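Colleague: I have some questions about this model. Let us take them one by one.

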Amino acid sequence: MNRRIAGILITMLLAAMTLLNSGCAEQASVTSSDIIVSKGPDGETIYVPRTEDPATSALAQYLQLVADFKGISKDGYFLDTQLANLHSQQVLLSRAQAMGWKWQDIDSGNIDLSTSIEQVKAKIKTLDVNG
């Protein structure tokens, strides 16, 4: 009886270790259908991932930052907000590139991560009043 219980425990432990080591299959390609687009109470666009995997969540965050950036006042009063938004975009794009994720925008066009990173860096440089 004790051997049977020990065998079951060992089997369960090995199965748990295997799952922890291999993990769940992570989605590497995220399409526009993986993102839910809705409108907030004041008409702002809200992007929500359909699944909780990192690639989809990061794309939803990136799309939200891009949409939010369009609504930031360009008169200089929100320079720190603009810079924070752009730095967050750069982090998400760099992470996607490092992880080998493939993203689509809402119009089902592929997002070129390298080009997008360079565009964000150029915007940061334009706004960076300290150098």
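Colleague: In which helix is Ser116 found, and is Ser116 buried or exposed?
Modeller: This is a predicted model. Ser116 is found in helix α4. Its relative accessibility is 10%. The cut-off for buried is under 20%, so Ser116 counts as buried.

Colleague: Which residues is Ser116 in contact with, leaving aside neighbours within four places in sequence?
Modeller: Ser116 belongs to helix α4. Beyond four places in sequence, its contacts are Tyr62, Leu93 and Ile111.

Colleague: How are α3 and α4 oriented to one another, roughly parallel or roughly antiparallel?
Modeller: The axes of α3 and α4 come within 9 Å. They cross at roughly 160°. Angles over 145 degrees count as roughly antiparallel, so α3 and α4 are roughly antiparallel.

Colleague: What is the handedness of the crossing of α3 and α4, and which residues of α4 make the contact?
Modeller: α3 passes α4 in a left-handed crossing. On the α3 side the contact includes Leu83, Leu86, Leu93 and Gln97. On the α4 side it is made by Leu113, Ser114, Ser116, Ile117, Val120, Lys121, Lys123, Ile124 and Leu127.

Colleague: How are α2 and α3 oriented, roughly parallel or roughly antiparallel?
Modeller: Two packed helices are described by the angle between their axes and the distance between the axes. For helix α2 (residues 54–70) and helix α3 (residues 79–99), the angle is about 155° and the axes are 10 Å apart. That angle makes α2 and α3 roughly antiparallel.

Colleague: In what sense does α2 pass α3, left-handed or right-handed?
Modeller: The contact involves residues of α2, among them Ala58, Tyr62, Leu65 and Phe69. From α3 it includes Asn85, Leu86, Ser88 and Leu92. The crossing of α2 and α3 is left-handed.

Colleague: What separates the C-alpha atoms of Thr81 and Phe69?
Modeller: Thr81 lies in helix α3. Thr81 is partly exposed, with a relative accessible area of 36%. Along the chain, Thr81 and Phe69 are twelve residues apart. Their C-alpha atoms are separated by 8.8 Å.

Colleague: How many salt bridges are there, and which side chains meet in a salt bridge?
Modeller: Side chains of opposite charge can pair when their charged atoms come close. The count comes to one salt bridge. The N to O distance is 4.0 Å. The partners are Lys121 and Glu118.

Colleague: How many residues apart are Lys121 and Glu118 in helix α4?
Modeller: Lys121 is partly exposed at 38% relative accessibility. Glu118 is partly exposed at 48%. In helix α4 (residues 113–127), about one helical turn separates Lys121 and Glu118, because they are three residues apart.

Colleague: In which sense do β2 and β3 pair?
Modeller: β2 covers residues 35–39, and β3 covers residues 45–49.

Colleague: Which residue in the turn between β2 and β3 has a positive phi?
Modeller: β2 and β3 form a hairpin. There are five residues between the strands. The positive phi, about 90°, belongs to Gly43.

Colleague: What separates the C-alpha atoms of Gln104 and Thr31?
Modeller: Gln104 also has its place in the loop between β4 and α4. Gln104 is buried, with a relative accessible area of 18%. Gln104 touches residues including Val30, Thr31, Ser32 and Leu59. Gln104 and Thr31 are 73 residues apart along the chain, and their C-alpha atoms are separated by 5.0 Å.

Colleague: What share of the contacts with a separation of 6 or more comes from residues 24 or more positions apart?
Modeller: The protein has 131 residues, and buried residues make up 29% of them. For contacts with a separation of 6 or more, the share from residues 24 or more positions apart is 49%.

Colleague: In what order do the elements run from the N terminus on?
Modeller: The protein has four helices and four strands. From the N terminus on, the order is α-β-β-β-α-α-β-α.

Key: Residues numbered from 1 in each chain as written. Predicted model: local features only at pLDDT ≥ 70, side-chain atom pairs only at ≥ 80, totals over all residues. Heavy atoms only, no water. Pairing = 2+ DSSP bridges. Helix = DSSP H or I, 4+ residues; strand = E, 2+ residues; numbered from the N terminus. Buried < 20%, exposed > 50% of the residue type's maximum accessible area, 1.4 Å probe, protein only. Axes fitted to C-alpha atoms, helices over the stretch in contact; angles between N-to-C directions. Parallel < 35°, antiparallel > 145°, perpendicular 65-115°, else oblique. Left-handed = near helix turned anticlockwise from the far one by under 90°. Contact = heavy atoms within 4.5 Å.
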